[in-house]
Structures are given as C-alpha cells and as structure tokens.
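Here are my notes on the model you sent over. Open the structure next to this page and follow along point by point.

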Amino acid sequence: MIDRLLTGITLWLLWIIRRMISLDRRAYMVLSAGALQPWLARIGMLRAHAVYLKAEGHCPAYRAFLEGESYHRRGRWQLAGLPIMTKENYVKRYPIVERCYYGRLPAAGVVIDESSGSSGVPNNWVRSAEEREDVKRILQLNYQLIYRDSGCILLNCFALGPWATGMNVSMSLVDVGILKSIGPEQKKLENTLEIFGRDYRYLVFGYPPFIKTFVDTTRLDLKQYRMDLIVGGEGISEPLRAHLLEYFQTVISSYGASDLEINIGVETELTINLRGLCMKDRELSQLLFGRELPPMIFQYNALDYIIETTPERELVFTIGRQTSAAPKIRYNLHDLGGTMTHRRLTEQLASKDIDVLQLAKPQSRFPLLFVFGRSDLTVPFYGAKVYPTDIEEIINADPELGKQINSFQIASYEDEAINRRLKIRLETVKDLPGPLAPIEQLHQTFFAGLCRVNQDFREVTKMFDRSCVELEIYRFEDGPFSERDFRVKNKYVAQ
C-alpha cells in the first residue's frame, strides 16, 4: 500500500513536470541534454512501475494474463521479470473491452483505430482522449523543433478512415499549420499542389511506396515546389532517400506502430548522417549494429518509452503513461533491432577515430533506437535471413530498376525434390518507361545485390546453386499483386 502511495505521489509530480516540458520547445531541448539521460531512464522505469501497478489492480485482461503466465512477484519489482505481451498471447486472447482499464471503454473522447493488417487480420486499438492529447503534444513539438514554420500546408497522404497513422496525424497537426487530409491518392495530391501553387511551403506525409510512385509518375514539375517529406509505416533505403531528395528539401522517417503509438522515434540529423556514414563504411555498421547493411535509426525519449531487447534481438516496448485506455507493458512487436545510449555511440565512434559532433551540430543526447524490420516478415534461406529491406536496397540502388519496379514479394519454399528455393517476384510500374533488362541480367543483379547487402546470404552461397534463386516478373497489379488495397502497406513476404 505504501509502495503504491509513494509511487502515485511521485508520478503526479513528474506528470506536472512532463506536461510543462512537452509544451515548451526550450524546456524540451534542456531535456535532451546528455547529463539528464540516465535520470530520464530511471524516471521512465518508475513510470513503468506505476503503469504496472494500475494494470495489475484495474485491468481484467492484464490480471488474467499474469495469472495465465504464472507470474508471481518475488522480492523487488523488476520490469524485466514481467511476461512479454504479444498480439498472439494477449491481444487475440482477451476481448478488447477487458484489455481496457476497469474492463470498459472510457465514456467519452475515445477513438478506435484499426491496424493495417500487414501481418494478418486487422486489429482494433482503443485510444483515450488523454493519450491522444499526449501524442498530439509530442507531434506538434517535433514539428516545431524540425520545421519552425507555422505557414506550411500539411498534406496528409497516409490512409484515412480507421487506420491509425492517417487520422492521428490529421487530428494532431491541424493546430500548427494549414492541413489537408488527402489519403494515398495521386490525383488529389496533384490537384492540391496545382490549386495552391508554388508560393507555399508544403510538408507531405505518406508511405514510401506511394510517395515514390508519385514522384516517378506525376505530370507536375515537382522541382518547382518547396516541399519537405515525412514518411512512415515502413523503412526507406538510403538510395530511395537520395531519389526523393531530388524533389523534397528534407526526407525524415518516423517510427511507430498501431499496436502502440505513432511517432515513438524520429529520425534526426544525427541519425540520418550516421546511417549514411555506415552505408559507406560497412565495418562501422557491423561494429555498431551487427549487420553490414545499416538499419533505420531513430532517437526516442526514454521518459515516455522503455525499450528492451530480447535475446533474439526483438524489441519490447513499455509505454510509461497511465492515461492510456489500455496498458502496454513489455509488448513485443516482433521488430528486430536494439537501443544504444548517445554516450555508447560516442565511445564506439571514437574507437574508429570519428567525432560524433561531426555528424550534427547541435544534436540531442536522446538514446538511439535502431530497427531492421519485422522478424516475422523475413524469409529463411539456407540459414540466412533475407529481409524486404535487402530487396528494396537492390532496386533503389539501380537508377533504371528504381523507375521500372513498383513493388516486390519474396518467398522461400521447397521444390518437388525438397530443395530450398528463394523466389523474388517483381511488379513493374503501371506505365513502364522502357523495356526491362533480360531476365538473366536481372537475375545477376539481384544475386550479386544480395551478396553485397546481406553478409549471411553471401556466406551461404557456397551451399547452393545460383538457380535456387528464382526471379518472376509481373505487370502492374497482375498475378500476386492484383486486388491490392491501396490504403494499407504493401505485402512483401508471400505465403
């Protein structure tokens, strides 16, 4: 009882401080100072404890979950001692109302989001008014820190309707600029740019594949417009970023998930330049992240998000906020990656005679979150894991392929002789600008590309013949690419 009381009083004081900071840009910059980061991590853990106490006492599904996982607290409470939530063992097992505090939906101000269903059947997520207000303040603050311009026209091209990202972006940013919610519709985006002309600065939000298709096929001369871009929903390769920077002044990616929140992490000048450096120095990427092809890299606030990594290198998230409609405690998205403090990054770079301050000035000292992609959206092949990001890197590194290929799928299967094979399916753009290279040449491009970007694949090539990697070409929206829902993310792994 005393434990709960002291935690409650401390959290109430911290909530007041946190709210003041989230409303003031200068206070937030102070929060990002290096000396404060260990304290933020400790406070974040205290907030996680408070969320646990509330969930244990007032969330029927979480109480049942703890009992079902045979959890019994022994000794001092530790976050790492709690069972890990997943979509399978928690979300699909317990009704949505029981996953809310007090076993009921909040009476008013509730928004119900739907996930895109990229990993299966879509799920619904309840957002309280208070948690939407928190997300709104964070988004607005990030917008002010990055763009410092209240006169932008914000063009939201994320999927609208029940999908989480699109509606949350519109509701959060309507107060800081001139907002138009378009959805992923190219003609509407073109018409909007034509109507309002070239005198405005535009900030465009959207999924990377949609934005790439737009810049490659639009009838407008986009270089006549002042535009910045924020992408989300999936990662982008550095070749794709370079391609988009031909049309946008800046290209920034944000990390989040319908299961949790949007904008958990955001790319900064530091992380973008670090990733670019690792693209040129594969040994550095291996040292920092354990792979030669660098992951997406973000910075996040440890006061709000406690992020752990499992032995399998899957990310586990706890949202340290009691105002949510439902608790998120040690939730595993099955995203592969890790975290790193700014101090650790500085030390690692110094071991290679690199000064971290060369990458960005000024720079926040918030910790780094790096993400390779979904562990359940990789394809196993002779012990190696082939990632969708590997194929994306190969396509976008080739200027011709980048203009000719709209999407792709990968699959691993056994043939009639029980030999393992890797199949790569390519979908061409709607209006192909020119003939594709011969299939033999394309096969060589992708085989050599996989050897270049995926060190595990390169190591196992001695175990199989090149013919075990197959390539199939499909016309736009043909075959496995037909009946695609443009409102949701692309499906990159075939069943």
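1. Is Ser285 buried or exposed? Ser285 counts as buried, because its relative accessibility is 0% (buried means under 20% relative accessible area, exposed over 50%, and partly exposed in between, with a 1.4 Å probe and protein chains only). You'll find Ser285 in helix H12, residues 282-289 (helices are DSSP runs of H or I with at least four residues, strands are runs of E with at least two, and both are numbered from the N terminus). Not counting residues up to four places away in sequence, Ser285 touches Cys278, Gly290, Arg291, Glu292, Leu293 and Pro294 (contact means heavy atoms within 4.5 Å).

2. Before going on, some ground rules. This is a predicted model, where local features need pLDDT of at least 70 and side-chain atom pairs count only at pLDDT 80 or more, while totals for chains, interfaces and linings use all residues. Residues are numbered from 1 along each chain as its sequence is written, and side-chain values use heavy atoms, leaving out hydrogens and water.

3. Now the overall picture. The chain has 495 residues, and 54% of them count as buried. It holds 17 helices and 18 strands. Take the contacts with a separation of 6 or more: 70% of them are between residues 24 or more positions apart.

4. Next, the inside. The largest nonpolar core has 64 residues, and Tyr52, Tyr62, Tyr90, Leu193, Phe248, Tyr255 and Ile329 have the most contacts inside it (such a core is a set of buried Ala, Val, Leu, Ile, Met, Phe, Trp, Tyr and Cys residues joined through side-chain atoms within 4.5 Å). Helix H3, residues 37-58, gives the largest share of this core, with 5 residues. Another core, of 27 residues, lies apart from it and includes Phe408, Ile410, Phe447 and Cys451.

5. On to charged pairs. A search of the whole structure turns up 25 salt bridges (a side-chain nitrogen of Lys or Arg within 4 Å of a carboxyl oxygen of Asp or Glu). In one of them, the side chains of Arg47 and Asp304 meet at 2.9 Å, N to O. Arg47 sits in helix H3 and Asp304 in the loop between strands E9 (296-299) and E10 (305-309), so this pair ties together parts 257 residues apart in sequence. Both Arg47 and Asp304 are buried.

6. Here is another pair to click on. Glu308 forms a salt bridge with Arg330, with the closest N and O atoms 2.9 Å apart. Glu308 is in strand E10 and Arg330 in the loop between strands E11 (314-319) and E12 (331-340), so the two tie together parts that are 22 residues apart in sequence. Glu308 and Arg330 are buried too.

7. Thr378 is buried, with a relative accessible area of 11%. A polar atom of the Thr378 side chain lies 3.0 Å from the backbone oxygen of Ser375. Leaving aside neighbours within four places in sequence, Thr378 is in contact with Lys385, Val386 and Tyr387.

8. Last stop: Asn273, in helix H11, residues 269-280. At 32% relative accessibility, Asn273 counts as partly exposed. Asn273 and Ala360 are 87 residues apart in sequence, yet 7.6 Å apart in space, C-alpha to C-alpha.

Conventions. A polar contact is a pair of N or O atoms within 3.5 Å; within protein, one must be able to donate a hydrogen and the other to accept it, and residues adjacent in sequence count only if both atoms are side-chain atoms.
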